[in-house]
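Please look through the structure shown below before reading on. The text then goes through some of its strands and helices in turn.

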Amino acid sequence: MSSITKAASICSWPQKFYDTIRPMNPVTGSRQFRFIPKGAEIGFGNYFYHGVVQEQGGICRNPVYTEHRDLLQKVTGRLVHHADRKLPYEAILTDTGVENAGCLPGGKIVFCRGLIESMQAETRDFGLGYIPLEDKVAAVMSHEMVHAGARHGARTLEMTLCLSVLIYVASQVAALAFAIFFVHYLRDPIFLGYSRSNELESDRHGMKLMQRAGYDPKAALWVMHLFSTTHPRTGIKWFDQIILYPMDKILSTHPAPDDRIQHAEKTLALLASGKLK
Ligand SMILES: [Zn+2]
């Protein structure tokens with residue numbers, strides 16, 4: 001290696017180091033600090049996967065739901081091909097009538113059969129015209145895939161770890177009262193804001209993913225309209241009972257449905273005009 005090549009190689013170290021600790025998020029296109037590597041992210045997902053599947057009714061093997069299973073696999077196969085970030089995405093249909101879906105870090109997605117059944121049974125079109133069931137399933141799937149692709153679960157874990165260290169340091173150098181104040185008054189706003197932005201990010205990039213895969217992104221708007229209505233069986237709003245993301249089970253972290261619908265309408269207009277791809 002010549003001395004010039006050697007010098008150029010040494011000069012590129014700071015950039016390489018920066019790219020390692022603050023890489024570009026392939027979904028959002030913005031740089032973010034990262035200290036949980038991809039392998040660990042997938043490992044976390046695998047570790048929690050079995051428990052989450054059991055919580056959501058276990059793997060659905062009933063032949064009655066073969067059609068639903070096949071539909072889920074078909075949609076996953078199409079979306080995976082167009083995902084911004086390559087991960088071992090995998091969707092499992094679980095055996096519960098509860099309307100629920102969620103994604104673990106690393107790309108494992110749990111989809112309850114109750115959610116497909118309810119979307120299939122719903123006759124309202126919310127003024128959006130006919131939308132096939134496959135596109136509605138793709139709307140939920142793409143939203144969940146973006147949670148994993150954009151590292152929402154991993155970033156939440158990173159923030160939790162950082163916060164734990166800060167609390168520990170604060171409790172060592174200052175009065176315990178400060179640590180208690182920090183936990184009660186600062187933690188919730190941080191995570192509330194963070195999780196709301198995650199949801200909107202997943203909505204926006206999920207709709208982009210749908211369009212790339214040849215699905216109608218309007219289906220995402222249909223799903224949001226459905227969730228903002230009252231559930232016919234329980235009599236309470238869908239959004240108040242559904243958990244679309246098991247990593248943030250605090251339902252108040254989800255943006256208000258109307259807010260979400262407004263954002264989705266803007267995204268839809270940008271996608272239709274070609275300003276967003
Ligand atoms: Zn979500």
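The model is predicted. Strand 3 is mostly covered, with 5 of its 5 residues buried. Its side chains point two ways: Lys 108, Val 110 and Cys 112 to one side, Ile 109 and Phe 111 to the other, and all are buried.

Ala 101 has Phe 111 in strand 3 as its bridge partner. Strand 2 and strand 3 form a hairpin with 4 residues between them. Gly 106, in the turn of that hairpin, has a positive phi of about 100 degrees.

The helices come next. Two packed helices are described by the angle between their axes and the distance between the axes. Helix 5 consists of residues 113-121, and its axis comes within 10 Å of the axis of helix 6, crossing at roughly 140 degrees. That angle makes helix 5 oblique to helix 6. The crossing of helix 5 past helix 6 is right-handed. On the helix 5 side the contact involves Leu 115, Ile 116, Met 119 and Gln 120, which meet Leu 133, Lys 136, Val 137 and Val 140 in helix 6. By type, the residues of this contact are 6 nonpolar, 1 polar and 1 charged.

Helix 6 (residues 133-149) also packs with helix 9 (residues 218-227), at an angle of about 80 degrees and with the axes 8 Å apart. Why are helix 6 and helix 9 called roughly perpendicular to each other? Angles of 65 to 115 degrees count as roughly perpendicular, and the angle of about 80 degrees therefore puts helix 6 and helix 9 in that class. Helix 6 contributes Asp 135, Lys 136, Ala 138, Ala 139 and Val 140 to the contact, and helix 9 contributes Ala 219, Ala 220, Trp 222 and Val 223. The residues of this contact divide into 7 nonpolar and 2 charged, with no polar ones.

Lys 136 and Val 140 of helix 6 take part in the contact with helix 5 and also in the contact with helix 9.

Methods
Residues are numbered from 1 along each chain as its sequence is written. This is a predicted model: local features need pLDDT of at least 70, side-chain atom pairs count only at pLDDT 80 or more; totals for chains, interfaces and linings use all residues. Axes are lines fitted to C-alpha atoms, for helices over the stretch in contact, and angles run from 0 to 180 degrees between N-to-C directions. Helices (H or I, at least four residues) and strands (E, at least two) are DSSP runs, numbered from the N terminus. Angles under 35 degrees count as roughly parallel, over 145 as roughly antiparallel, 65 to 115 as roughly perpendicular and the rest as oblique. Two residues are in contact if their C-beta atoms, placed from the backbone, lie within 7 Å. Ala, Val, Leu, Ile, Met, Phe, Trp, Tyr, Cys and Pro count as nonpolar, Asp, Glu, Lys and Arg as charged, and the others, Gly among them, as polar. A residue is buried if 20 or more other C-beta atoms lie within 10 Å of its own, exposed if 12 or fewer, and partly exposed in between; C-beta atoms are placed from the backbone. Two strands pair if DSSP finds at least two bridges between them. A crossing is left-handed if the near helix is turned anticlockwise from the far one by less than a right angle, and right-handed if clockwise.
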